[in-house]
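This report treats backbone geometry, aromatic contacts and nonpolar packing in turn. Please consult the sequence and the coordinates alongside the text.

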Amino acid sequence: SQASFEEDGQKQPAVGPWKPLMPSKGSKEEPESGCQDAGGADETQSTEQLNVSRLRSSSVEIREKGSEFLKEELHKAQKELKLKDKECERLSKVREQLEQELEELTASLFEEAHKMVREANTKQAASEKQLREARGKIDMLQAEVTALKTLVITSTPSSPNRELHPQLQSPSKAVFRKGHGRNKSTSSAMVSAASQNVTPEPVSHECKEVDSILFAEFQAWKESPTLDKSCSFLDRIYREDVGPCLDFTKQELSKLVRVAVEQNTLTIEPVASQTLPVVKVSAEECGGPKQCALSGLPRTCKHRIMLGDSGNYYYISPSCRARITAVCNFFTYIRYIQQGLVRQDVELMYWEVMRLRREMSLAKLGFYPSEM
C-alpha cells in the first residue's frame, strides 16, 4: 500500500549513509532521485487501478441488487395485475347479471301493467253492464211500485179494490188478458193472478175458514218477513206447492228454473210477436215451437224462457208456463210484503197467500186458461 511505501521511504535514510540535503553540483546522487520518482508513479498507478476495480465491483453489486429489486417489483405488479383482472372479470359478471335481472324485471313489470289494464277494462265493462241492468231494474221496480200502490193502498176492507180482488168481479169481467209478457219474473202479481183465475164462479160464494196452524205460521213470518226457506211458513209452501209445481220431466232444467225463480232472474217472453235483436238471434235455443223443453212432450209452444243472462232460450208449453207463472206470482207477492209495500190487514194478506197457493196447486194439476 501507499502508506507502507511511505514508511519504507522514511526509514531508508536512517539505515543508509548520511547524505547532505543540498548535494553539490555533479555529485552521484541524481540517479537515485530518478529511481525514487519512478517508484512513486507505479504506486499511484496501482492505487488508481485498485480504486477502479473497487468501483467496478461496487457497480456490479449495485446492478445485481437493482435487477433483483426490479424483478421483485415486476413480480408484485404481475400479481396485482392478475388480481385486478379477476376483479374486472367478477365485476363484468355482476354487471351482466344485473342487466339480465333488470331486463326481466322490466319485462315482468310491463306484463303486470298490461294485465292490470286488461283486468281494469274488463271490470269496467262488467260494472257498466251491471249499472245498465240495475238502472233497468230500478225503472221497472219503480213502475211496479207505482202500480202496486195504486192497487193496494186504495184497497180497504170496507171498499176493496176489485182489480186487487178478482173474486169480487162478475164472471164476465174476470177475463184473462192476452199477450202476457213477463220480464225478470217481476210483473204485477195481482194483475197476473187475477188474469189466471180459472174458477167458473166467484170465490165469494165459497165458504172459508182460517186454518189455525197455517195462520199462526204466517203471522210468525209476517213479524219478521224473510225469503229464507228454513222458516216454517216458507218450508211448508216449498214442500207442498213450489216444489211439486216446478217438478218437471227434465229434472236438470227444472232445478235451474227453480233457482232462477227464487233469484228473480227468469224471463218469459212470447215467441211469435217479438223482434229479436242480433244478440238473441245467435243464442242457443232448446226445444222448439213444437216441443216443450221442460216436459219433453210434443206441444205447441207459444212462449220461451231464459235463465238469467245465459242467453239460452227454452221453449215451454202453455201448461208449463202456467205453473211457472203461478210460482212467480207467489214469490212476487211475498217480496212485496217483505219490502213493506202491502198495507193490508194480516188476515187479508193471509187469504191472498192462500189464493196464490191454490193457483199453484191448480197449475200443478194441469188446469190453466185457454188463452195461455
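Gly340, with a positive phi near 80°, follows helix H8. Helices (H or I, at least four residues) and strands (E, at least two) are DSSP runs numbered from the N terminus. The model is a predicted one, in which local features need pLDDT of at least 70 and side-chain atom pairs count only at pLDDT 80 or more, while totals for chains, interfaces and linings use all residues. Residues are numbered from 1 along each chain as its sequence is written, and side-chain values use heavy atoms, with hydrogens and water left out.

H8 covers residues 318-338; its 21 residues should span 30 Å at 1.5 Å a residue, which agrees with the 30 Å between its end C-alpha atoms. The expected span is 1.5 Å times one less than the number of residues. Of the 21 residues of H8, 19 are buried, so the helix is largely enclosed by the rest of the structure. Buried means under 20% relative accessible area, exposed over 50%, and partly exposed in between (1.4 Å probe, protein chains only).

The largest nonpolar core has 48 residues, and those with the most contacts inside it are Val242, Leu266, Leu294, Ile305, Ile324 and Phe330. H8 provides the largest share of this core, 11 residues. A nonpolar core is a set of buried Ala, Val, Leu, Ile, Met, Phe, Trp, Tyr and Cys residues joined through side-chain atoms within 4.5 Å.

Asn264 lies in the loop between helix H6 (251-262) and strand S1 (266-270), and is buried at a relative accessible area of 18%.

Aromatic rings of Phe, Tyr and Trp (its six-membered ring) pair if their centres lie within 6.5 Å; planes under 30 degrees apart count as stacked, over 60 as edge-to-face and the rest as tilted. By this rule there are eight aromatic pairs. Phe218 and Phe233 form an edge-to-face pair, 5.5 Å centre to centre with 65° between the planes. Phe218 is in helix H4 (residues 212-223) and Phe233 in helix H5 (residues 232-245), 15 residues apart. Phe218 is buried at 0% relative accessibility, and Phe233 is buried at 3%. One aromatic cluster is formed by Phe215, Phe218, Trp221, Phe233, Tyr350 and Trp351.

Charges also sit over rings, a relation that requires NZ of Lys or CZ of Arg within 6 Å of the ring centre and within 35 degrees of the ring normal.

| Charged residue | Ring | Distance to ring centre |
|---|---|---|
| Lys208 | Trp351 | 4.8 Å |
| Arg304 | Tyr313 | 3.9 Å |
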